[in-house]
Amino acid sequence: MIALVVAAAVAAPSNAPASFRYERTLRPAGPGPVELVPDGSLYAHARRDFSDLRVFDPRGVQVPWRQAPASISPGERAVEVLDSGRRGGVAVARIDLGPQHGVIEHVTLQVPDSRFVGSATVYGSDDRRTWTRLSTTQIYAVGGASPARSTTALLPRTDFRYLEVRATHVSRIAGATVAAAPEEVQLRPVPARVRAGDTLVVVDLGYPNVPVDELRISSSTPRYDRPFTISAGSTTVAAGSLVRLGRARPTIVPLQARGRYLRIRIRNGDDPPLARIRVDVRARPRLLLVEGGHSGPLTLFYGGRVRMPDYDYARLPRAALALPQARPGALGPERQNRSYRVLDTRSFVQRHRSLVTLALAAAAAALIATTALALRRR
């Protein structure tokens, strides 16, 4: 009796389609693996790690899926920092990428300060005499319940050997690393509606839990330098200054946030509000990979109280995934799962406490009786 109770208590929740609140179709574009690009509905109604996502073929057979493997990247490497010091109130350092430097797309600065809000402007050169301005990126370390820090300066793809970095509102640049991001992880636009007021700009991503990795903010005002903060809910996720001193170029703000609304608060001081504010939202793709070789259309189910699936497919090495044959799948509109019913996912013990108590009492009584009988025979 006790063994049966324990076995029932550890039984896994059901993975049947009736366990999931939402469904939608996924049509493969070929026989190879299917690239599934999550959209707003999937971010809103599935778990963050998609552990409640299940895929079925037309016969009702479960189809394995996994997170798409990370793209192969040269990785971060430390670089030599020259002439680190201060010039005109800003921290300045020059970086030698070496004779075999290749193409890079960002440089991450080592800043000893614990709290700061500034910007990093990067120039490139091959001879250390003529310098080309490449980009300006916000850098910051802000406190609060969830501290946010970013010291990465984003660059257009460049093969200059030497870089000069000018960072505002930090004491010095102690070191740096560089890396070339592979093509597969380029940031993609995220649909959003922007409502701009005098001091508050609200970015509506349309759905809750949508990830954002970068904002590009600009204005038609000819010249400005305005401090700003960005919050998601009650958490400050970025800070810096919106700056335009010459031709129009956006202020690049790297961040890590998830939610539906981002609020940009701008401090205008005694100046008129910025005119025609534009905000471009970007995020890296978070691809899922569905096993190929299954006839379509496939059906996605999600929004259920189930455990994370455990597939051999998720443990295969990159070379065994047939990635060159992977094609994006066509994701249909979200709809309510008509067969969905609320399942009681409590264990047998939780649902039948009185029965378990009786079973334990009976077992205890039997044990006492057996012991008494044994003593009497002695």
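Which element gives the most to the lining of the largest cavity? Strand S7 does, with three residues. The model is predicted, so that local features need pLDDT of at least 70 and side-chain atom pairs count only at pLDDT 80 or more, while totals for chains, interfaces and linings use all residues. Residues are numbered from 1 along each chain as its sequence is written, and side-chain values use heavy atoms, with hydrogens and water left out.

**Cavity**
- The structure holds one cavity of 30 Å³ or more, a cavity being a set of points on a 1 Å grid over the protein atoms alone where a 1.4 Å probe fits but cannot get out, with lining residues having an atom within 4 Å of a point.
- Strands S6 (80–87), S7 (90–96) and S13 (162–167) are the elements that give two or more residues to the lining, strands being DSSP runs (E) of at least two residues, numbered from the N terminus.
- Arg-128, Trp-131 and Tyr-162 are among the residues that line the largest cavity.

**Aromatic pairs**
- Four aromatic pairs are found in the whole structure, where rings of Phe, Tyr and Trp (its six-membered ring) pair if their centres lie within 6.5 Å, and planes under 30 degrees apart count as stacked, over 60 as edge-to-face and the rest as tilted.
- Tyr-43 and Phe-50 form a tilted pair, 6.0 Å centre to centre with 45 degrees between the planes.
- Phe-56 and Phe-301 have ring centres 5.6 Å apart and planes at 80 degrees, so this pair is edge-to-face, and it links strand S3 with strand S25 across 245 residues.

**Charge over a ring**
- The charged end of Arg-128 sits over the ring of Tyr-162, 4.9 Å from its centre, the criterion being CZ of Arg or NZ of Lys within 6 Å of the ring centre and within 35 degrees of the ring normal.

How values were computed: 1 Å grid on protein atoms, 1.4 Å probe; cavity = no way out; pocket = protein on both sides within 12 Å on 5 of 7 lines; lining within 4 Å. Points joined across faces, edges and corners; volume = space filled by probe spheres on them. Helix = DSSP H or I, 4+ residues; strand = E, 2+ residues; numbered from the N terminus.
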